[in-house]
Amino acid sequence: MKILHVLKKAPDASTKKIIEIHSAGNQVKTIELYKGGISYDKLVADVFAHDKVFCW
Amino acid sequence: MSDTKKIAVIVRDRQGEALRVAGGLTLADDTIEVFILDRKLDKNDPEVATPLELVTDIELKVYSNNAENGSTTISLEEMAKKLLEYDFAIPY
Amino acid sequence: MADMLGIMVTKYENLDHIAGVVKAAKAAGHPVTLFMTDEGVRFTRDPKFQELLKVPGVEFSCCDHSCELVGIHEKTEGISYGSQYNNAGMLHDSARILVF
């Protein structure tokens with residue numbers, strides 16, 4: 001399964017753990033919005049290219 | 001409208017609002033389930049107690065990794081895996 | 001028709017990201033619906049956010065109850081003032097949801 005995690009701020013411990021658990025056996029991508037330099041075209045393409053999307 | 005969706009509402013810091021939204025999301029006949037992450041619900045706060053009563057009345061399934069919440073207790077690992085069963089997860 | 005993107009705005013933050021996503025999704029041909037609730041309804045009176053209302057083909061709605069709670073009584077043209085029913089409908093009809 002392809003899973004996208006969009007981080008609006010630095011993840012807390014539980015969010016980190018959830019992403020870590022999802023990473024086992026799945027294809028996980030993380031986008032760190034809070035770090036800037038975002039291509040929104042790529043972000044939208046990623047949103048639709050992944051099966052599940054989480055915004056933290 | 002499309003087929004029924006499964007939606008998880010993840011309750012974190014804004015407990016009352018998250019529960020109110022969870023109740024409201026049932027209006028489109030989707031399956032809504034609630035995950036209380038880490039924190040203990042402040043049931044003495046009317047802004048939490050009132051929407052919690054709604055969630056209870058409409059029999060939404062509630063899971064938490066905090067046993068003090070009195071809902072179905074699951075580990076964080078179980079929660080992470082279970083969240084993948086839903087079309088959408090709404091962290092609040 | 002391309003898959004719809006729903007954007008749920010619950011905080012009065014991240015406007016640059018919200019605007020970027022709305023414009024990019026429209027440019028990619030996706031229908032876009034945006035619902036504001038909780039503190040997110042403060043955007044209804046934000047001139048910078050109101051610029052987004054000019055993006056054609058985007059549906060904007062908000063929770064009127066949240067507006068009352070945060071003390072917003074003036075309406076903005078182009079935004080539908082509704083309830084969590086709008087939110088439920090948006091999630092039901094969307095292929096993907098982003099939460100800001």
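Two residues are in contact here if their C-beta atoms, placed from the backbone, lie within 7 Å. Keep that in mind as we walk through this predicted model, in which local features need pLDDT of at least 70, side-chain atom pairs count only at pLDDT 80 or more, and totals for chains, interfaces and linings use all residues. Residues are numbered from 1 along each chain as its sequence is written, while chains are lettered from A and ligands numbered from 1 in the order in which they are written.

Let us start with chain A. Among its contacts between residues at least 6 apart in sequence, 73% join residues at least 24 apart. Chain A has two helices and three strands, where helices (H or I, at least four residues) and strands (E, at least two) are DSSP runs, numbered from the N terminus. From the N terminus on, these elements run β-α-β-α-β. The C-alpha trace spans about 30 × 25 × 10 Å along its principal axes. The radius of gyration of chain A is 11 Å, which agrees with the value near 10 Å that a compact globule of 56 residues would have; the radius is taken over C-alpha atoms, and the globule rule is 2.2 Å times the number of residues to the power 0.38. Of the 56 residues, 30% count as buried. A residue is buried if 20 or more other C-beta atoms lie within 10 Å of its own, exposed if 12 or fewer, and partly exposed in between, with C-beta atoms again placed from the backbone.

Chain C has four helices and five strands, and along the sequence they follow the pattern β-α-β-α-β-α-β-α-β. Its radius of gyration is 12 Å, close to the 13 Å from the globule rule for 100 residues, so chain C is as compact as a globular protein of that length. Here 47% of the 100 residues count as buried. Helix α4 (residues 84-93) of chain C is largely enclosed by the rest of the structure, because eight of its ten residues are buried; among them are Met90(C), Leu91(C) and His92(C).

Now look at where chains A and C meet. Twelve residues from chain A and 14 residues from chain C take part in the contact. On the side of chain A, the largest share, six residues, comes from α2(A). That side has ten nonpolar, no polar and two charged residues, where Ala, Val, Leu, Ile, Met, Phe, Trp, Tyr, Cys and Pro count as nonpolar, Asp, Glu, Lys and Arg as charged, and the others, Gly among them, as polar.

The axes of α2(A) and helix α1 (residues 15-27) of chain C come within 8 Å and cross at roughly 70 degrees. Axes are lines fitted to C-alpha atoms, for helices over the stretch in contact, and angles run from 0 to 180 degrees between N-to-C directions. That makes α2(A) roughly perpendicular to α1(C) (angles under 35 degrees count as roughly parallel, over 145 as roughly antiparallel, 65 to 115 as roughly perpendicular and the rest as oblique). Residues making this contact include Tyr40(A) and Leu43(A) of α2(A), and Val21(C) and Ala24(C) of α1(C).

Chain B touches chain C too, through 16 residues from chain B and 14 residues from chain C. Within chain B, strand β1 (residues 6-11) and β5(B) pair in the parallel sense over four bridges; strands pair if DSSP finds at least two bridges between them.
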